[in-house]
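Trainee: I would like to go through the terms used for this model and see what each one rests on.

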Amino acid sequence: MTESTATAAPRAASAGAHPAITVAGVSKWFPTAEGQPLHVLENVSLEVPEHSILGILGASGCGKSTLLNIISGLVTPDRGRVCINGVPSGEFEDWRSVSYMFQEDRLLPWRTACRNVEFALEAGSMPKAERKRRAQAALELVDLSGFSDAFPYQLSGGMRSRVALARSLVLEPCILLMDEPFSRLDAQTRSLMHTELLRIHRLKKMTIVFVTHDVEEAVVLADSVVVMAPRPGRVREQVPIELGRPRDPTAPQVTQYIQRLRALI
Ligand SMILES: Nc1ncnc2c1ncn2[C@@H]1O[C@H](COP(=O)(O)OP(=O)(O)O)[C@@H](O)[C@H]1O
Ligand SMILES: [Mg+2]
């Protein structure tokens, strides 16, 4: 898993025989201060086909981040299992091909945009000049090439979000996990980031799983949306979004999906 770790060779897309991600019967309990285990996820199953975009939608506290953490290998499920490209996650070795974009941008304030993106490459043995070249290419990909020497405090929220996205993309991940990545942005900037993400997805074709509580975001971005129910978190329904792109949030077909998903939450 790479937010901050890395070496780097360009990655070929993995073989298409398996879904990129399989979650099968996953349950999770967390210990609480009172000693009563908190049942956070119950029997969650889903599949994410390679190159597709899955949205996970649900109210706050219903276990979305926990599910993403389990997919990323950061948290171990108590029951069930996760496979990445058909390999059980405990045996999966190529975690560098899985990137995780957290809810907060986690930029280092003392580093420039370019040096923040380079950070994702520093765990490997890549020469400094090559790190810089790749970081600048990633910044170009997110349309931020003119700001590589800017510090985070000099950037707007949308620009910071682009830097975080560039850092997630610099290792050319096959799988990109995103936890409410645009939730702190204003509506207009968020909408711009949706367009950017879809443009990059068309180019790079990585598999994306993103978590959101924003129904419109789910419908605009996803090929399929898993709606979670709370306490314990479980899959209420999975809804394929059978619409072409781009999707105008005010178009009648889009608003129909939005209404349908709202009714499910
Ligand atoms: N490490 C942890 N230890 C104990 N409880 C946790 C931990 N992580 C999450 N929780 C609890 O699990 C529930 C689900 O949390 P989370 O997955 O963050 O939900 P969501 O992302 O949908 O808001 C919450 O009640 C939260 O307090
Ligand atoms: Mg969360």
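Mentor: Start with pairing: two strands pair if DSSP finds at least two bridges between them. Strands (E, at least two residues) and helices (H or I, at least four) are DSSP runs, numbered from the N terminus. This is a predicted model, in which local features need pLDDT of at least 70 and side-chain atom pairs pLDDT 80 or more, while totals for chains, interfaces and linings use all residues. Residues count from 1 along each chain as written, chains are lettered from A and ligands numbered from 1 in written order, and side-chain values use heavy atoms, without hydrogens and water.

Trainee: What makes strand 3 and strand 8 a parallel pair?

Mentor: Strand 3 (residues 53-57) and strand 8 (residues 207-212) share five bridges in the parallel sense, and the criterion asks for at least two. Gly55 has Phe210 in strand 8 as its bridge partner.

Trainee: How do you know that strand 4 and strand 5 pair?

Mentor: Two bridges join strand 4 (residues 79-84) to strand 5, and the two run antiparallel. At least two are required, so the pair qualifies. Cys83 stands opposite Pro88 in strand 5.

Trainee: Why is strand 5 called an edge strand?

Mentor: The open sheet of four strands has the order 2-1-4-5, with antiparallel pairing. Strand 2 and strand 5 (87-88) each pair on one side only.

Trainee: What order does the sheet of six strands have?

Mentor: That open sheet runs 6-7-8-3-9-10, with mixed pairing. Its edge strands are strand 6 (98-101) and strand 10 (234-240).

Trainee: What makes Phe30 and Lys64 part of the shell around ligand 1?

Mentor: A residue is near a molecule if one of its heavy atoms lies within 4 Å of it. Residues surrounding ligand 1 include Phe30, Pro31, Gly63, Lys64 and Ser65. Helix 1 gives the most to this shell, with three residues.

Trainee: How do you know that Ser65 makes a polar contact with ligand 1?

Mentor: A polar contact is a pair of N or O atoms within 3.5 Å; within protein, one must be able to donate a hydrogen and the other to accept it, and residues adjacent in sequence count only if both atoms are side-chain atoms. A polar side-chain atom of Ser65 lies 2.9 Å from an oxygen atom of ligand 1, so the pair meets the cut-off. A polar backbone atom of Lys64 is also 2.9 Å from a ligand 1 oxygen, and for a backbone N or O atom of Gly63 the distance is 3.0 Å.
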